[in-house]
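Visitor: I would like to learn how to read a fold like this one. Could you take me through it feature by feature?

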Amino acid sequence: MVVVYFSRAGENYGVGNVKVGNTAKLAEAIAKETDAPIIEITRNEPYPEGYDEVTSVAQDEQRDNARPQITLNGDTDALDSADTVFLGYPIWWGDAPMPVYTFLEGRDWKGKTIYPFCTHEGSGLASTSGSIADATGATVKTGLAVRGTDAQKNADKTAKAVSDWIAKAGLL
């Protein structure tokens with residue numbers, strides 16, 4: 001198993017200016033629960049710090065179906081050998097950010113199972129599970145959606161949601 005995620009620090013909706021992004025907090029909880037290595041997807045050209053500015057850039061990317069250049073930070077060897085991938089991202093306007101699609105489309109997913117997880121402020125996973133399946137051809141299992149405000153400000157609630165999800169999936 002391996003945990004792979006995209007997250008953004010800086011000014012975030014509902015939580016203010018943060019040093020660790022909402023989805024990063026959720027990814028850390030999953031890695032702790034599963035004892036899996038963790039890999040961060042970063043956009044080579046960082047998003048702006050301000051919420052309004054990142055909103056403009058990210059909406060343009062989504063509208064253009066862009067595939068920004070990315071870097072994977074962490075134990076990438078674990079990604080190559082893992083059969084189970086926990087994939088995390090925030091929900092931006094009903095979808096995963098475009099760097100996540102750069103990651104998905106740049107790999108061979110044959111024989112892999114993906115468990116999506118996201119942070120959101122009301123939309124849950126939206127239709128991202130289907131989009132991930134379409135982009136990869138991998139088996140996509142039931143995902144986990146946690147409000148970004150909970151991931152950022154309520155570690156106990158987040159840890160319980162993760163533990164329940166992992167147990168229900170039969171992964172531990």
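Guide: Gladly, and please keep in mind that this is a predicted model. Let's begin with a helix. What covers the buried residues of H5 includes strand S6 (84–90), helix H4 (98–105), strand S7 (113–120) and strand S8 (139–140).

Visitor: Which residues of H5 are buried?

Guide: An α-helix has 3.6 residues a turn, so residues three or four places apart point the same way. In H5, which spans residues 128–136, the buried residues include Thr-128, Ile-132 and Thr-136. These lie on the same side of H5 because they cover an arc of only 55° around the axis. Just after H5 comes Gly-137, with a positive phi of about 75°.

Visitor: How do H4 and H5 pack?

Guide: Two packed helices are described by the angle between their axes and the distance between the axes. For H4 and H5 the angle is about 35°, and the axes are 9 Å apart. The crossing of H4 past H5 is right-handed. On the H4 side, Tyr-101, Leu-104 and Glu-105 take part, meeting Ser-131, Ile-132, Ala-135 and Thr-136 of H5.

Visitor: Now a strand, please. Which residues point one way from S1, and which the other way?

Guide: In a regular strand the side chains alternate between the two faces of the sheet. From S1, Val-2, Val-4 and Phe-6 point one way, while Val-3 and Tyr-5 point the other way. Five of the five residues in S1 (residues 2–6) are buried.

Visitor: Which strands does S1 pair with, and in what sense?

Guide: S1 and S6 run parallel and are joined by four bridges; here Val-2 stands opposite Val-85. S1 also pairs with S4 (residues 38–43) in the parallel sense, again over four bridges, and Tyr-5 stands opposite Glu-40 there.

Visitor: Which residues of the largest nonpolar core touch the most other members?

Guide: In soluble globular proteins, nonpolar side chains tend to be buried together. In this core of 28 residues, the members that touch the most others are Val-2, Val-4, Leu-87, Tyr-89, Phe-103 and Leu-104. At least two residues each come from S1, S4, helix H2 (51–64), helix H3 (76–81), S6, H4 and S7. H4 gives the largest share, five residues.

Visitor: What is Val-4 in contact with, leaving aside its neighbours within four places in sequence?

Guide: Its contacts are Ile-39, Ile-41, Leu-79, Val-85, Phe-86, Leu-87, Gly-88, Phe-103 and Phe-117. There is also a second, separate core of 18 residues, with Val-3, Ala-36, Phe-86 and Trp-165 among them.

Notes:
Residues numbered from 1 in each chain as written. Predicted model: local features only at pLDDT ≥ 70, side-chain atom pairs only at ≥ 80, totals over all residues. Heavy atoms only, no water. Buried < 20%, exposed > 50% of the residue type's maximum accessible area, 1.4 Å probe, protein only. Arc of directions from axis to C-beta. Contact = heavy atoms within 4.5 Å. Pairing = 2+ DSSP bridges. Core = buried A, V, L, I, M, F, W, Y, C linked by side-chain atoms within 4.5 Å. Axes fitted to C-alpha atoms, helices over the stretch in contact; angles between N-to-C directions. Left-handed = near helix turned anticlockwise from the far one by under 90°.
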